[in-house]
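Please open the structure in a viewer and follow the stops below in order. Each stop says what to select and what is found there.

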Amino acid sequence: MALTRRSSNLLKSLTTINPTTRLFSTSSDSSITIETSVPFTGHKIDPPSRSVTTSSSELMTFFTDMSQMRRMEIAADSLYKAKLIRGFCHLYDGQEAVAVGMEAAITRKDNIITAYRDHCLYLGRGGTLLETFAELMGRKDGCSKGKGGSMHFYKKENGFYGGHGIVGAQVPLGCGLAFAQKYSKEDNVSFALYGDGAANQGQLFEALNMAALWDLPAILVCENNHYGMGTAEWRAAKSPAYYKRGDYVPGLKVDGMDALAVKQACKFAKEHALKNGPIILEMDTYRYHGHSMSDPGSTYRTRDEITGVRQERDPIERIRKLLLSHDIATEKELKDIEKEIRKEVDQAIAAAKESPMPDPSELFTNVYVKGYGVEAFGADRKEVRTVLP
Amino acid sequence: MERDPRVCVIGEDVGHYGGSYKVTKDLAGKYGDLRVLDTPIAENSFTGMAIGAAMTGLRPIVEGMNMGFLLLAFNQISNNCGMLHYTSGGQFKIPVVIRGPGGVGRQLGAEHSQRLESYFQSIPGIQMVACSTPYNAKGLMKAAIRSDNPVILFEHVLLYNLKERIPDEEYVLNLEEAEMVRPGEHVTILTYSRMRYHVMQAAKTLVNKGYDPEVIDIRSLKPFDLYTIGNSVKKTHRVLIVEECMRTGGIGASLTAAITENFHDYLDAQIVCLSSQDVPTPYAGTLEEWTVVQPTQIVTAVQQLCR
């Protein structure tokens, strides 16, 4: 059947945990070196080594953060079905490794910009669960005061630039962020995330050309979950090797379900971008949900494929197995963490439900920047129609 | 640019070439290639880049070589430039200035003679201004750069060669204010950009015929300066709008609606709006002349209005 023709490719990077060294240490934060599931593939560049140095505390952070993200997305699913979240809701479960791996490799001074599948990246950049749920439900306490919605999460102080609805439009913005960093001579990079669907947008290549021309510290990350809404990648792209699409710009293909591989790749990319200009990272990842909540996700792929990937390549399971095999935590401890997270998420949802809707006056705030008050009034200034603050 | 290191210029041929209309002449030599950035021909992306840079605090000025090319960047201007301040709940300011020559030139052909004021006017979150003299061009440009809101500054292809004495000292004009060009008593003529000159030419004829038109250059296309306009309407009770925009959905159409809504009681006659014809601008010189409003048409309209 045509639908399943390519699905076997998705299961190729199987979990093989081969710890090359294991330091027995009584300290709680022992350094561990782990091999990634598959080696990196480079395009016009020597890929980094497969061995990633990590620590037990980092692995625990990965586990906790990813479980929190997973729980949040599943809770968002139920809230959507309960009609508390409306409109579009694009869920990220399955792709959490990209968010946590990237965070582990960079600082808050580096910028991340992404498209509409932004809930988990927002969380990774320091957003709170309350802000997320409140924004999803359109409440005042949301990160954009309830005026943005699912596709418009931003956190300026932590370098998270959103949150964009139009496919591909965030990539030139991302190159603009990198331009500003180069202009101000900062030693930081900007990650512009996009999907396999957006990889066919013209503005991406325009932006890439400019970034390469001026050696901007921009890293373009293609989160390849193999489906552009309902269209599989082989039906949309003549060449689905997105990391090679840069031609003169080097690229790296990464197993996006392995948080450690993502971390290694992002670290490598940051070093490269600061010295040599842009680089493309292709994260081979997968989303369990459909494109959005209005897409069942099963008309263009089989349930077997989804369960197959979940069994073989789930990012949280991989970290769980690592934690257990390295004796960093017991089965019970991990279960307790998950229970704790479940409670946290439920509490956040309850608090978000308590949050009020935005005030009607908020309709007119933030249209223009304060201080440039625009008034629409009658000739005699007696009747002020509205003041846009 | 000298005052604020965050101000930079981004556009095609703005640097080494000096700008297709020499607006940015010599700036690259003075400020360097990064501050006066020559871009490849990728309007959508470099406008997006400018907006991204503005999100972090830079103040870029984007030049569309011809305003018509900015249609390619419409997505970025509408969705990202205009809306980001709102959808982020106020977290991001987008202090960009988008400028470029537009309007009907001398037989430049349909695609290079576009008036985009009407296309951009509905975008929430942006301000639009049109300059018409060297004096207000400098003042409005400075104000636009200093403004924290995204501003689209409409220049006109045929007005670049105007020469005028302007003050040496620094001055900044108000982005939302209209300019009283010629006070009068009989009729209010509202205009902007190049049509100001056609109106002033018509005004000479009208004065000879005994009329006393009040000419206002509205300058601020979004939002309208209803204060100045309203006071004028209260005085003269008759309004004529002369614009280069298309008839359908143009600035004149919005202005007519705004004046009717607010000052209906003060009007003695229906508002007359003279705009360009709803056709692609033809190449032939005579046809092109008939597309745009000419001074004789303005004189006739005033005579009919003041009967």
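Begin with residues 1-162 of chain B: this stretch is 30% helix and 18% strand, with its end C-alpha atoms 23 Å apart. Helices (H or I, at least four residues) and strands (E, at least two) are DSSP runs, numbered from the N terminus. An unreviewed UniProt entry annotates residues 1-162 of chain B as "domain: Transketolase-like pyrimidine-binding"; such annotations may be inferred rather than shown by experiment.

The model is predicted: local features need pLDDT of at least 70, side-chain atom pairs count only at pLDDT 80 or more, and totals for chains, interfaces and linings use all residues. Residues are numbered from 1 along each chain as its sequence is written, chains are lettered from A and ligands numbered from 1 in the order written, and side-chain values use heavy atoms, without hydrogens and water.

Next, display the open sheet of seven strands in chain B, ordered β2-β1-β3-β4-β6-β5-β10 with mixed pairing; strands pair if DSSP finds at least two bridges between them. Because β2 (36-38) and β10 (220-222) of chain B each have a single partner strand, one side of each lacks a neighbour in the sheet.

Now select β5 (residues 127-130) and β6 (residues 151-156) of chain B, parallel strands joined by four bridges. Here B:A130 lies opposite B:F154.

Finally, select B:F120. Setting aside neighbours within four places in sequence, B:F120 is in contact (heavy atoms within 4.5 Å) with residues including B:L70, B:M128 and B:F154.
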